[in-house]
Amino acid sequence: RIGIKKATNLRAADFGFSGGKSDPYCTCELLGRPEGQIKTPVLRRTLEPEWNYEGEIEGCKPDDQLEFNVWDYDMVGNDDLLGKVVLDFDRFQHGFHGPLTMSNTGKKESTLLVKIDVLHAEPVKEDCPRCFVKVLKASHLRAADWGGKSDPYVLIQVPGQGARSKCRTRVRKNTTEPEWNEENEIPNYQLGDSLEFFVFDWDRISADDELGRVTLQAEEFTPGGWSGWLDLTAKHGPAQGKLQVSVEIFIPVPPKPKDPAEHITDEVRKPVPFLLRCLDTGRVHRLSTYTVVGRSHRQLDPRYDLVLQSPGIIDVSRRHAIIKCWCGADPSSWRVRVYPTEDEEIEGQGVGWGSGAGHAGGGTSVDNEPIELWCGTEIIPGSVLRFGIREMWVLEKAVIFQKSQVGEVAVQRAHRNAKEDPGTYRELKVPSTACDHALQHCKDWDSFVRVVLEWCGEPDEVPCVDVIEVLDECGARAGRYEANSLEAQEAFNIRGILKEVRMGTTVRLRLSADPQLLAPILRRS
């Protein structure tokens, strides 16, 4: 961000009856990059202009310089230069605020007061492909200006993307053999994009002249990059010369796929409705939520793990594979995946790695396909698993005794009653809109408790309640509110409870026998 504050002691470029004055304005640009120029307004007839102008210049690089030029505006003819100054990057890389002494001031000691704040760009996403283009130099360019020279620069863009995916080099003045050695990143680059290179001659007043163009197709530099000379062609008229560039492509490493069974560990092992049956011997092994397959009697637990005992199975590891089973959202939907162990997470094992593209020792496959290393492979009843070379097993369904829903509810209720006295609670499941309407019109804790007790059929019960709970339609707790003193209850905002109450929800009151709460409530009643 560039702040151009003021200039002092400028020379007079215009003369009239009232003395010499100027009509100054100031421009600022990155040296060699006039396309990003900012410009202050023109101030009339002054040698001490105060602009207090602020603008932004994007794309500043560590080797860039800022060029400030103060001009005298002329309605007819070219504007006159009143002073200029160039600021190196190391002077403003951490910001700058102060006066700058200008040159080309006509023997005047003119100064320019500026303020520079460096705004850092947003961090680049590392999960997107990136393309870096380095323009080295050009040779034998066409002379487009009088005197047999040009002011060339290079524009690089993705075809059809326009300003969204383009960048450009600095302008090199008065040369047909320019050297840039400048690297730029193509914005919004996507894999498969080609690159267009345009060489232009920069003109301050008229439109820039095209000196040549060339297109580098995506397959030429993806994915290994490209470096060399490109012959320039012309859209209209003659073209000559060539351009030396290099292109590098960064392709991010795709993230490891998410394991849908990462929540399944060997800490809790429960029975599941699946078993493995050996295709050779007919041996059956019931699976658990976490089952290890291998040949080690010491590292595996035979109650849950499948210990392979066939003679000569040295191609099977001690801990060869892991099978995880879990229940989905629907109690009747189960999923099963098989994973390699850490010892088996290497290439060169399994299907396609053996002699003649056969099965290499130590691997695991499902239906003759190798299993995924990072997130395993899903299997279904009927899938054939091969451990090592000879161990062939098939996954089958098995009967599992589901818990009774009524029994589960009873167990949960007994567990809750073991922790709290059911005689101290009163429950009301809001039965109708009339009940909900009565509750929603309660003004405080006391009136809410009295309405609940009345709808419970206990209007004579002392409204001494220190805890109010609200359960949703599924019986899950939606809120718990506690007030242990009369002062707390009088100050309680009942709207917090009412917003959770509606028809079908359950309100639970905990009656309290605390004399410090009961006594003031009885006196008030």
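In helix α5 (residues 445-455), the residues W445, D446, F448, V449, V451, V452 and L453 are buried, where buried means under 20% relative accessible area, exposed over 50%, and partly exposed in between, with a 1.4 Å probe and protein chains only. Helices (H or I, at least four residues) and strands (E, at least two) are DSSP runs, numbered from the N terminus. Just after α5, G457 takes a positive phi of about 85°.

This is a predicted model, in which local features need pLDDT of at least 70 and side-chain atom pairs count only at pLDDT 80 or more, while totals for chains, interfaces and linings use all residues. Residues are numbered from 1 along each chain as its sequence is written, and side-chain values use heavy atoms, with hydrogens and water left out.

**The chain as a whole**

- The secondary structure of the chain comes to 8 helices and 35 strands.
- The chain is more spread out than a compact globule, because its radius of gyration is 41 Å, well over the 24 Å that the globule rule gives for 525 residues; this radius is taken over C-alpha atoms, and the rule is 2.2 Å times the number of residues to the power 0.38.
- Along its principal axes, the C-alpha trace of the chain spans about 105 × 90 × 40 Å.
- Of the 525 residues of the chain, 42% count as buried.
- Among contacts (heavy atoms within 4.5 Å) between residues at least 6 apart in sequence, 58% join residues that are at least 24 apart.

**Strand β24 and its partners**

- Strand β24 (residues 334-340) has 5 of its 7 residues buried, so this strand is largely enclosed by the rest of the structure.
- Strand β23 (residues 321-327) pairs with β24 in the antiparallel sense over 7 bridges, and two strands are said to pair if DSSP finds at least two bridges between them.
- A hairpin of 6 residues joins β23 to β24, and C327 stands opposite W334 in β24.
- Strand β29 (residues 377-379) is joined to β24 by 3 bridges, and these two strands run antiparallel; within β29, E378 is the bridge partner of R337.

**Lysine 115 and its surroundings**

- K115 lies in strand β10 (residues 111-116), and at 33% relative accessibility K115 counts as partly exposed.
- Although K115 and I2 are 113 residues apart in sequence, their C-alpha atoms are 6.1 Å apart in space.
- Leaving aside residues up to four places away in sequence, K115 touches R1, I2, G3, K5, F96 and H97.

**Backbone details in the loops**

- Most residues other than glycine have a negative phi, and most peptide bonds are trans.
- N104, which is not a glycine, has a positive phi of about 55°; N104 is found in the loop between β9 (96-101) and β10, and its relative accessible area of 49% makes N104 partly exposed.
- N188 likewise has a positive phi of about 55° although it is not a glycine; N188 lies in the loop between β14 (179-185) and β15 (195-201) and, at 40% relative accessibility, counts as partly exposed.
- A cis peptide bond, with omega about 0°, joins T222 and P223, and P223 lies in the loop between α2 (218-221) and β17 (226-231).
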